[in-house]
Amino acid sequence: MSEEIEQRQMSGAFIAVVFIALALGIASLIWCYGLQNHLSEAEKNLTAAKAANADLNEKLTATNARLKAATETLGASVGLTQKQLEQRAQSILAAQRAADEKLIAAQEATNKQVSAVSSEVSSVKTDVGGVKTDVASTKADLDTTKTQLQRVVGDAGVMSGLIAKNHDELEILKHKGDRNYFEFTLQKGGQPTLLSTIKVQLKKVDQKKGKYTMVISSDDRNIEKKDKTIMEPVQFYSGKTPALFEIVVNSVAKNQISGYLSTPKS
């Protein structure tokens with residue numbers, strides 16, 4: 001009996017052990033299966049992570065390449081711009097130096113011209129002073145000459161104008177503008193000479209006595225003025241409205257006389 005009980009106890013323990021071992025085996029199988037699934041999922045995730053990492057690396061490489069190219073391009077552009085700026089600055093400086101040189105040259109030329117003009121102005125002032133002196137002297141001479149000019153009664157009994165004894169005094173009378181004056185020189189035996197609206201011809205000369213004889217042709221008639229003396233106004237009337245004409249001989253030479261004809265302005 002005791003052996004049967006022991007055998008039964010041993011059989012029960014064995015069965016329990018078998019049952020426990022079986023349970024443990026089933027549990028191990030279940031755990032292994034779960035672990036296998038977990039490992040598979042982990043492998044999938046790892047593979048996806050590797051793929052994502054590779055894609056990210058590829059994108060990063062491409063980005064670095066673009067960034068490098070852009071950096072190189074920008075550097076080249078900046079370098080070119082800097083070079084252009086330097087060239088432009090050098091060009092501006094050269095133009096400024098040229099402009100400064102032209103300005104200096106123009107200033108020097110202007111200073112020379114100003115100096116020349118100043119010298120000319122000083123010279124002109126000196127000349128003006130001399131002219132003023134000459135004018136004053138001429139005026140004084142003119143005043144003196146006027147006092148020397150004379151009025152005399154002509155051969156027609158009429159008081160003549162001022163008498164000029166020479167060419168210079170005649171010029172003074174011309175400047176007065178009261179009458180017209182025509183200078184002449186006549187040769188003895190020469191052809192009649194036209195003076196204004198009349199003709200005159202020298203017939204005879206007496207140098208020692210200072211006398212002469214002439215014929216005046218006026219208004220279709222001949223007037224003989226005989227034995228007239230130097231500085232004597234020879235007077236006659238001529239024209240449609242008769243006006244007083246005067247001939248003054250102020251030089252008598254051998255076979256020649258010189259003088260002037262005086263006629264009214266009208």
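**Terms and cut-offs**

Student: Why is Leu 24 called exposed?
Tutor: Leu 24 has 54% relative accessibility. Buried means under 20% relative accessible area, exposed over 50%, and partly exposed in between (1.4 Å probe, protein chains only). The value for Leu 24 is 54%, so Leu 24 counts as exposed.

Student: What kind of model is this, and how are residues numbered?
Tutor: The model is predicted: local features need pLDDT of at least 70, side-chain atom pairs count only at pLDDT 80 or more, and totals for chains, interfaces and linings use all residues. Residues are numbered from 1 along each chain as its sequence is written, and side-chain values use heavy atoms, with hydrogens and water left out.

Student: How many of the elements are helices and how many are strands?
Tutor: The protein has two helices and 10 strands. Helices (H or I, at least four residues) and strands (E, at least two) are DSSP runs, numbered from the N terminus. Leu 24 is in helix 1, residues 2–148.

Student: What makes strand 8 and strand 9 a pair?
Tutor: Two strands pair if DSSP finds at least two bridges between them. Strand 8 and strand 9 (residues 243–253) have five bridges, in the antiparallel sense. Val 234 stands opposite Ile 247 in strand 9.

Student: Which strands form the open sheet, and in what order?
Tutor: Four strands form it, in the order 3-10-9-8, with antiparallel pairing. Strand 3 (179–187) and strand 8 (234–238) each have a single partner strand, so they stand at the edges, with one side of each left without a neighbour in the sheet.
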